[in-house]
Amino acid sequence: MNRFSLPYCLIIEEGIYEHLDEVLLECVPQITEKKVMVVTEPALQNIIQQYLDEIQRDLPGSELYLIAHNSYEQAMELAKVICAKSFQVIIGIGGGKVLDVAKYAGFVGKIPYICLPTTLSNDSLASPVSVLDIDETMRKTLGCKIPTGILVDINVIMNAPIEQLKSGIGDTISKYTALYDWKLDAAYRGERVDDFAYMLSDMALTSLCYNEEKSLKSKEFIKILTQSLVMGGLAMEIAGNSRPSSGSEHLFCHSLEENYPQIRISHGMAVALGSVVSCMLQGRNAIRLREVLQAYELDINPMQWEITKEIFIDAWQKASATRPERHTILNEIELDTALLERIYGQLI
């Protein structure tokens, strides 16, 4: 049985920054007396300066660290500073890039990590992994530790770009095909799927799919999306791997990233597109999936990201090679050009 941990606190409410010192004390006792590293990025600094001022007022022992890239090198440089200056807590404030770097640096430095997202673009806020650039052409998913605390200020998320929230929806929707692939993999290896992790991931999916509130800027929707993303991250922690949230649709995303770095598409939109295609490859009806995406106004026409038919076909045919240790539907069917051409035609 996989040994797992859970966040000590998960708080989703309005105006967290207005009493952040009290909230942080719930996550890390005596944090006001500890040396705290606060991590964000230059692009966000001016936008959240008032929040940073409040943190520095509430936590006299805090220092600000700005990251430039979501790279392994950046995370290790940050971990080096943590160890050299004996920081005791790390707080990440930002989107996926900041949170992944801060999470991994805290893991290497062996100190508690507190997550304060400014957007909800993927499930990295609660997952036990960090996705970091190794070099200009390679991105790797690295295991680390789940956050000690996750604090989501609804008022802050309300100001997030709409496309980033759509990306968070896409990352959640992808569980529909990921869970199917996980069962395929378990059957192939003669193993069992972790029932609780599977249930939690499925709950993340269904709570979003059957949510009646479709306005992305409503407080109720933000709560539901946050809960879905957190449940997806916790499912990975319980399973001991990313299979509850990542299947053939993610392999397509990885293939685009590795083979066509010029394609500018968010992670969440890439896996949303991949999920519809994977659903078809799995021999399932994709109508319901497409209806949910349309309800949230997620357009999965590949042409809007300049994913041509040739790129689409090549990316799918190279997808399984991005994670050769994984068994998905891509290992069980023939990905011939005619099939992929037909599917591409149904998407545009």
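The lining of the largest cavity splits into four nonpolar residues, seven polar and no charged (nonpolar is Ala, Val, Leu, Ile, Met, Phe, Trp, Tyr, Cys and Pro; charged is Asp, Glu, Lys and Arg; the others, Gly among them, are polar). This is a predicted model, where local features need pLDDT of at least 70 and side-chain atom pairs pLDDT 80 or more, while totals for chains, interfaces and linings use all residues. Residues are numbered from 1 along each chain as its sequence is written, and side-chain values use heavy atoms, with hydrogens and water left out.

That cavity has a volume of about 50 Å³. A cavity here is a set of points on a 1 Å grid over the protein atoms alone where a 1.4 Å probe fits but cannot get out, and lining residues have an atom within 4 Å of a point. Among those lining this one are Gly94, Pro117, Asn122 and Leu125.

Leu125 also turns up in the largest nonpolar core: of its 96 residues, Ile90, Leu125 and Phe312 touch the most other members. Such a core is a set of buried Ala, Val, Leu, Ile, Met, Phe, Trp, Tyr and Cys residues joined through side-chain atoms within 4.5 Å, with buried meaning under 20% relative accessible area (1.4 Å probe, protein chains only). Helix H10 (residues 219-239) gives the most to this core, 11 residues; helices are DSSP runs of H or I, at least four residues long.

Apart from that core lies another, of 25 residues, including Leu20, Val23 and Cys27. In helix H1 (residues 20-27), the buried residues are Leu20, Val23, Leu24 and Cys27. Seen down the H1 axis, they fall within an arc of 100 degrees (taken from the directions from the axis to the C-beta atoms), so they line one face of the helix.

Terms used:
Buried < 20%, exposed > 50% of the residue type's maximum accessible area, 1.4 Å probe, protein only. Helix = DSSP H or I, 4+ residues; strand = E, 2+ residues; numbered from the N terminus. 1 Å grid on protein atoms, 1.4 Å probe; cavity = no way out; pocket = protein on both sides within 12 Å on 5 of 7 lines; lining within 4 Å. Points joined across faces, edges and corners; volume = space filled by probe spheres on them.
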